[in-house]
Structure formats: C-alpha cells, structure tokens
Amino acid sequence: MTTMADKARRMLLDDADDSVEDNYIQSLDAQAEAKARKDERKKHTDKVLALYQAGQKPSLRDGLHVSDIFHRKAICWRKMVLLYCYQQNPVVHSAMLTARFETGNAIHGRWQENIARALGEEIHVEMQHVETFWKLLFTPDIIAPYEWDEAIGPEPTIWEIKGYNDAEFRRLTLKGGLPTDAILQATLYAWFTGIHRILVVIENKNTQAVAAFPVEYDESLVTPLVPTFDRIKMLVDEHLADATILPDRLDECTSPDADVPKSCAGCTACFSSNQQRIQLRRKVAWE
Ligand code: SF4
C-alpha cells in the first residue's frame, strides 16, 4: 500500500530529475548561444580584416636595398640579381603585418617631422642613397646634426628610429642593449655614408616612452658582409653580360602561388622567361 510519505518522496525525486534536466538543457542552450556569438564575431572580424588588407598600399620598391639582404634568414641569390636588374612586383601582406608596418611607419613619420621642425633644413629624412661600388640602395631614417659634446657642437649623425612593444622595450631598456639587427643596420649606414656618429631612438609602441641609445661605430660588424655584397655584384655583372645566366630558384619556390613567391618582390621576374624579362628591365641597371 502506498503511503503519503511514499507519494511525497516520489514527487520530490521527480522534481529533482526535472530540474537536473532543465539545467542541462539551459547549459546546452547557453553554450550554443556563446558559440553563435563567437562565430558571428569571427565572421565580422574576418570581413573587416579582408577589407583592411584589400585597402593596403602595396609595397613596391625599386632596386636592391641593403635591407633586402641582411634582414633575411637565408639569401635567395636569384632574387638579389632580379631586384637589381628588373622592376619589382607589388607584395601584398596580411592585414596584421600591414598594420604592423603602418604603425612602424607612423612612428618614423612623427619623429622625422618633429626633428625636421626642430632643426630646420639641416636634416635629411628618408633620403635614398646609393652605395656606388655595389650599387646598393639604403635609406637612413634621419641624417641630422646632434650635439654629442657641447665643446664640439652638433655633429652629423645617423638616426635610426625603432618601435618596440612594451615587453621588448622594457627588456631592452632594463637589461640594456639593442638587437643586433638594429646595431648592424645603423652601423652599415654609418659605414656607407662615412658619418660615424650613430643614435638609435626606440619608442614603446604601447606607452610612447622613449630611450636613445648611442651606438659606438665599429667597422668590424660590417666587414663580414663584404663577401655577400661581392657575390651579389659578381652575379649581377654576370647576368648583365649574359641575361640567360641566373642563379637557380629556391627549392620551395615551385610556382608563383607558393608561400615564398607570394611574398617575393622578384616573383614576376623570377617566373618570366628570358624574353618576357626584357620588358621588366630597370633602365638604370642596363644602361
Ligand atoms: S620567387 Fe623564390 S626563387 Fe624566385 S626570386 Fe623570389 S625567393 Fe627567389
């Protein structure tokens, strides 16, 4: 016989089952809603990034720049010859890389404009120079007088401007020392120009804090690059004498759509025939 107590127990257990099931269903609904919101956000993020990427100014340069050589992990000798001898194709970067470049450019622009206003006409900003023997292009951020010693007065100085994120800026300023790349780049400009005073100004991209690092001119940093410059010049001269002679493609450059060629400014010339390449010749190289 079912007692009142049994009935009450039964009702309580049924309620408990329902509430567990309700909670479970609510949690599934909440998860599905959260996922839908996340998917929606991702859809719109991808869309605005695609627009940002599509609107970038494609980077298009002319000639072989020093930075094409020493910023690379591995040199493509074919590319070095092509960049010197032929017009480059525009390179389209990812939205994130574009934004990084643009942020860096904005920092450079601010410094160049302010130093120019402070010093007037004595300053050279982003002036392209040509190293005459190797015919390499290089562009110091600023060449401007700077007073290193009050007794001597302002001396011509190579200024390099660098932007770093907060963590890197703190690391550099607290532990001291600039990245080797920054020192090498500035020293190279000093070597080419004969201006041996070097100042590297770094700015914190997050806080705009600034630190200026004097760099001691040290020619021994640069001379190990001479064999590379010599080899490029030899390969360029060989190609100019006989346009069918060109270093081989890298193994990974199997087609213009492969990853490395897509970001290579020499890709069009690289995958053109000897005949097609004639249309792409840089006059200054072939005169
Ligand atoms: S596409 Fe590849 S092989 Fe051709 S020049 Fe560029 S990096 Fe070199």
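This is a predicted model: local features need pLDDT of at least 70, side-chain atom pairs count only at pLDDT 80 or more; totals for chains, interfaces and linings use all residues.
**Strand pairing**

Strand 6 takes part in two pairings, which the table sets side by side.

| Strands | Residues | Sense | Bridges |
|---|---|---|---|
| Strand 5 and strand 6 | 154-164 and 198-204 | parallel | seven |
| Strand 6 and strand 7 | 198-204 and 210-215 | antiparallel | six |

In the parallel pairing of strand 5 with strand 6, Ile158 stands opposite Ile198 in strand 6. Strand 6 and strand 7, which pair in the antiparallel sense, form a hairpin with five residues between them, and Gln208, which lies in the turn, has a positive phi of about 65°. In a regular strand the side chains alternate between the two faces of the sheet.

**Domains**

The chain is divided into domain 1, which covers residues 1-55, and domain 2, which covers residues 93-217. The centres of domain 1 and domain 2, taken over C-alpha atoms, are separated by 55 Å.

**Around the ligand**

There are 13 residues around the ligand, and of these Cys76, Lys79, Cys253, Cys264 and Cys270 come nearest. Helix 3 (77-85), helix 8 (259-262) and helix 9 (267-270) are the elements that give two or more residues to this shell, with helix 3 providing the largest share, three residues. When the residues of the shell are sorted by class, nine are nonpolar, one is polar and three are charged.

Technical notes. Residues are numbered from 1 along each chain as its sequence is written. Domain bounds come from an automatic or database domain assignment. Two strands pair if DSSP finds at least two bridges between them. Helices (H or I, at least four residues) and strands (E, at least two) are DSSP runs, numbered from the N terminus. A residue is near a molecule or strand if its C-beta atom, placed from the backbone, lies within 6 Å of it. Ala, Val, Leu, Ile, Met, Phe, Trp, Tyr, Cys and Pro count as nonpolar, Asp, Glu, Lys and Arg as charged, and the others, Gly among them, as polar.
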